[in-house]
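Please keep the sequence and the structure in view while reading.

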Amino acid sequence: MGSTTSGPRTKPRGALRRRIDLLVREVAKFGAVGGAGLLVNLAVFNLVRHLTDLQVVRASVIATVVAIVFNYVGFRYFTYRDRDKSGRTKELTLFLLFSAVGLVIENGVLYVATYGFGWDTPLQSNVFKFLGIGVATLFRFWSYRTWVFRTLPAREAVASAESFLEEGAAHPPALTGTAPRKRR
């Protein structure tokens with residue numbers, strides 16, 4: 001009655017482990033791009049706020065738009081570079097749509113803090129800007145991975161793998177010391 005590692009339990013556990021590992025890597029890459037985007041967003045926000053007479057939320061919207069452009073490049077070419085690239089126009093349209101929703105969430109938090117509660121010092125503005133970014137990031141992660149940067153459909157992935165294997169079979173590497181098999 002000892003425990004064994006073989007049997008039906010191993011395969012689902014291995015598949016689950018792979019899925020978790022992939023999700024962890026995706027979250028880490030998303031976080032790396034998002035972290036850099038956060039720095040861009042806060043830097044532009046504070047520069048605009050201190051160098052111009054724009055109102056807080058307007059400065060924040062400008063910063064958010066700059067960060068959205070920065071993040072698209074990072075997500076497309078780093079985080080989700082292995083995802084479906086066939087419909088770039090649709091992808092960019094959905095990215096901008098969900099980014100606009102994220103912009104409203106992010107700047108809505110800042111708006112309520114600034115105009116609803118009168119919290120308008122530079123420190124308060126940065127705290128609520130950061131909080132708004134955090135809430136919007138949860139929405140963006142879900143929407144980008146679900147709707148924008150979609151995985152390749154299984155049929156396309158299998159077809160791609162099969163074409164790779166067929167190409168390899170058409171041009172097999174030379175084997176030394178073996179005679180070709182006779183067909184029966």
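Helices α2 and α3 cross in a right-handed manner; a crossing is right-handed if the near helix is turned clockwise from the far one by less than a right angle, and left-handed if anticlockwise. By class, the contact of α2 with α3 holds 15 nonpolar, 6 polar and 4 charged residues, where Ala, Val, Leu, Ile, Met, Phe, Trp, Tyr, Cys and Pro count as nonpolar, Asp, Glu, Lys and Arg as charged, and the others, Gly among them, as polar. The axes of α2 (residues 56-79) and α3 (residues 88-116) come within 10 Å and cross at roughly 145 degrees. These axes are lines fitted to C-alpha atoms over the stretch in contact, and angles run from 0 to 180 degrees between N-to-C directions.

The model is predicted: local features need pLDDT of at least 70, side-chain atom pairs count only at pLDDT 80 or more, and totals for chains, interfaces and linings use all residues. Residues are numbered from 1 along each chain as its sequence is written, and side-chain values use heavy atoms, with hydrogens and water left out.

The protein chain as a whole has 5 helices and 0 strands; helices (H or I, at least four residues) and strands (E, at least two) are DSSP runs, numbered from the N terminus. Of its 184 residues, 27% are buried, that is, under 20% relative accessible area with a 1.4 Å probe, protein chains only. Among contacts in the chain with a separation of 6 or more, 74% join residues 24 or more positions apart, contact meaning heavy atoms within 4.5 Å.

The unreviewed UniProt entry annotates "transmembrane region" at residues 27-48, 54-73, 94-117 and 123-142; such annotations may be inferred rather than shown by experiment. Residues 27-48 are 100% helix and 0% strand, with end C-alpha atoms 30 Å apart. For residues 54-73 the figures are 90% helix and 0% strand, and the end C-alpha atoms lie 27 Å apart.

Which residues does Asn 41 contact, leaving aside its neighbours within four places in sequence? They are Ala 63, Thr 64, Ala 67, Glu 106, Lys 129 and Ile 133. Asn 41 lies in helix α1 (residues 10-51) and is buried, because its relative accessible area is 4%.

Asn 71, in helix α2, also counts as buried, because its relative accessible area is 14%. Beyond its neighbours within four places in sequence, Asn 71 is in contact with Val 33, Gly 37 and Phe 95. Gly 37 is 34 residues from Asn 71 in sequence, yet their C-alpha atoms are 5.8 Å apart in space.

Methods:
Buried means under 20% relative accessible area, exposed over 50%, partly exposed in between (1.4 Å probe, protein chains only).
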